[in-house]
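Visitor: I am new to reading protein structures. Could you take me through one, feature by feature?

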Amino acid sequence: MVKAKQKQISEISKMIEPYKKVLNIGCGGCVSVCLAGGQKEVNVLNAELLQVAGASHHIEGYTIERQCRPLYVEEIRNIVEQFDCLISMACGAGVQLMAETYPDIPVFPAVNTIAIGIDRDVGVYEERCRACGDCIIGYTGGICPITRCAKGLFNGPCGGVQNSRCEVSETEPCAWVEVYERLHKQHRLECIQLIREPITWQNQVQRTVYQDVTA
Amino acid sequence: MGMLNVDLYEFFRGPAMTGTLLLFCSGLVFRIVQFYLATTRMPRKPASAGHLPERRPGLIRRWLRLPEKMFYVRTHYRNSAIGMMPFVLWLTALYHALILVAILFAQGHNVLLEMSWGFSFPSLPDKIMDLLTIIVIVVSVFYLVRRAVYNKMKFPNRYRDYAAILATLLPFVTGFLAYHQWFDYRTVIICHMISAQLMLLALLYTKLGHLIYFFFGRISLHGELNVWGGRRIWKNDQEQAKLPAPVGKDSVDTQYIRYLLDQKKSQMNMMLMYCSRCSNCASSCFLYANSGDVSFIPSHKLFASLGKLYRKKGEVSRDELEAMVDPIWNKCVLCERCYCPIGLKIPEMISMARTICRSQGVYKTYDH
């Protein structure tokens, strides 16, 4: 799922400073799961903001089910109209739909959207996908070289690998060594010998997904 | 006794029938007005800065897109309840159509119409009508049996769901007996008229109204799963906005719950009233499909949360609210794929139940 991390309080309070009536909107989707922007986090952030911004601000909280769905964003139209600005605790997509739906009111993000990742532990999330739009992990033993390799190399490790470690950091394992070891274990080493051509970086432009449901 | 029967016969054929038809027509108008007052036309997508407004393609271009359109219709069909359970759903469609056909095109009815008001619909031959009646009776019995024995249907059942089927079955059985002149004709025909008049009224004022709501839900309302989706959406009964006041850990602000319930009262009324608990939404819920547990059926989740709030008019305790976390959060991911054959919007209602719970500080937390 999408992983996000809350911004510094000082940054958020600076954004909302000129506005007196502020509505903080949480999202019941991915950011709830990664403990960044659910209802609980809305309550906590509101309490903190009141301390920082002072009593001159009127800050309220409200959580909707999902900020990436027009149906739920529309639900709060009559509430939103009473406020001077909105804080959205959703991922980047949610903030943008909120801003698109209510174009007359400034919408500020309260979280930094980090990655599509996995839950390693409570509050520990590791990035696993960069949504490049051209998945190749079928040939690399289920390890994404774009995310895991510091240089995003497609064809084998660089010269910087030492003792299976990446030259960027001694604690980071080299993604390509892991790819080799996993493919070796699965007797699929021929996959690593395929030459992968440079891909078109589809995540550099805005994409729209059209799902063909033919099954 | 004979005198009494004649009088009763005349009464039900004359004034009672006229009264019923008047009530039916006014009720029909009432339902249509009620629906149009509770909904509004969907606003056009706001043109965001720098975007050109959407242009509707011309006639030729629209015709050229027909194969594409057919593809979408096919996709919709396969994902719909009727595509998932073709036998039961086609049978249901046939059954409902036959009910209308039997009422309008029976020769006996048309003769009476001609005699009373001097006009009539075309009549179907008696042999065919007899066959149609038998089909309706058999399908009704099939429904009753299915409801009684099928595990998926048994769970959310109440006496009302059986009564609804019986109310439809009775006029057809009595009509069939009257046509064949079995038993005492007068008694049977009076039973037929009473049961038919009751059914006509039930068609508007009870959950049998789904036969009429179907046209709103599947044609007039906007919906991703509607093949001919219209552009109407539900609107709030009260536009006034109120934010929840903070509540303690074990108290419940019943007034605020009541306010939220009142805000979408007419939509909720219709959803809860017209759900006939056919359990056909079950096949579209992937959680139910994976687990087979009846508590995952979308309509069950709806009745376990919003149904409860509605029945108690918001006067619920903290424990009852906390018990709702299981059906609406743990057993529903709000993927909005639940497919209602009559076009009820189950996800909107579950989202509303969630909003109510959230306003009282009851929600799913993800601490492990």
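Visitor: Leaving aside its neighbours within four places in sequence, which residues is B:Ala164 in contact with?

Guide: This is a predicted model, so everything we read here is computed from it. Setting aside residues within four places in sequence, B:Ala164 is in contact with B:Lys207 and B:Leu208. B:Ala164 itself is found in helix 10 of chain B, which covers residues 159-180.

Visitor: Is B:Ala164 buried or exposed?

Guide: Here the idea is to compare the relative accessible area with a cut-off: under 20% means buried. B:Ala164 has 15%, so it is buried.

Visitor: What does chain B look like overall?

Guide: Chain B has 19 helices and 2 strands. Along the principal axes, its C-alpha atoms fill a box of roughly 75 × 60 × 40 Å. Of its 368 residues, 46% count as buried. Now take the contacts in chain B between residues at least 6 apart in sequence: 71% of them join residues at least 24 apart. The accessible surface of chain B comes to about 19,900 Å², and 65% of that belongs to carbon and sulfur atoms.

Visitor: Which residues of chain B have a positive phi without being glycine?

Guide: Two examples will do. B:Phe183 has a positive phi of about 55 degrees although it is not a glycine, and B:Glu336 has a phi near 65 degrees.

Visitor: Where do B:Phe183 and B:Glu336 lie?

Guide: B:Phe183 lies in the loop between helix 10 and helix 11 (185-205) of chain B. B:Glu336 lies in the loop between helix 18 (325-330) and helix 19 (346-359) of chain B. B:Phe183 counts as exposed, because its relative accessibility is 67%. B:Glu336, on the other hand, is buried, with a relative accessible area of 9%.

Visitor: Let us turn to chain A. How many helices and strands does chain A have?

Guide: The secondary structure of chain A comes to 9 helices and 7 strands. The radius of gyration of chain A is 22 Å, well over the 17 Å that the globule rule gives for 215 residues, so chain A is more spread out than a compact globule. Its C-alpha trace spans about 65 × 45 × 25 Å along the principal axes. Buried residues make up 40% of the 215 residues in chain A.

Visitor: How do I read a sheet?

Guide: Strands of a sheet pair through backbone hydrogen bonds, and the pairing is either parallel or antiparallel. In chain A, 3 strands form an open sheet in the order 1-6-7, and the pairing is antiparallel. The edge strands are strand 1 (2-6) and strand 7 (124-129) of chain A, each of which pairs on one side only. On average, neighbouring strands of this sheet are turned by 70 degrees against each other, direction ignored.

Visitor: How many bridges join strand 1 of chain A to strand 6 of chain A?

Guide: There are 5 bridges between strand 1 and strand 6 (residues 111-121) of chain A. To see one position across the sheet, find A:Lys5, which stands opposite A:Asn112 in strand 6 of chain A.

Visitor: And how do I read the sides of a helix?

Guide: An α-helix has 3.6 residues a turn, so residues three or four places apart point the same way.

Visitor: Where does A:Gly133 lie, and which residues does A:Gly133 touch beyond four places away in sequence?

Guide: A:Gly133 lies in the loop between strand 7 and helix 7 (145-148) of chain A. Not counting residues up to four places away in sequence, A:Gly133 touches A:Gln202 and A:Arg207. A:Gly133 and A:Asn203 are 70 residues apart in sequence, with their C-alpha atoms 6.7 Å apart in space. At 44% relative accessibility, A:Gly133 counts as partly exposed.

Conventions: Residues numbered from 1 in each chain as written. Chains lettered and ligands numbered in written order. Predicted model: local features only at pLDDT ≥ 70, side-chain atom pairs only at ≥ 80, totals over all residues. Heavy atoms only, no water. Pairing = 2+ DSSP bridges. Helix = DSSP H or I, 4+ residues; strand = E, 2+ residues; numbered from the N terminus. Axes fitted to C-alpha atoms, helices over the stretch in contact; angles between N-to-C directions. Buried < 20%, exposed > 50% of the residue type's maximum accessible area, 1.4 Å probe, protein only. Contact = heavy atoms within 4.5 Å. Rg over C-alpha atoms; globule rule 2.2 N^0.38 Å. Areas by Shrake-Rupley, 256 points an atom, 1.4 Å probe, with all protein chains shown as cover.
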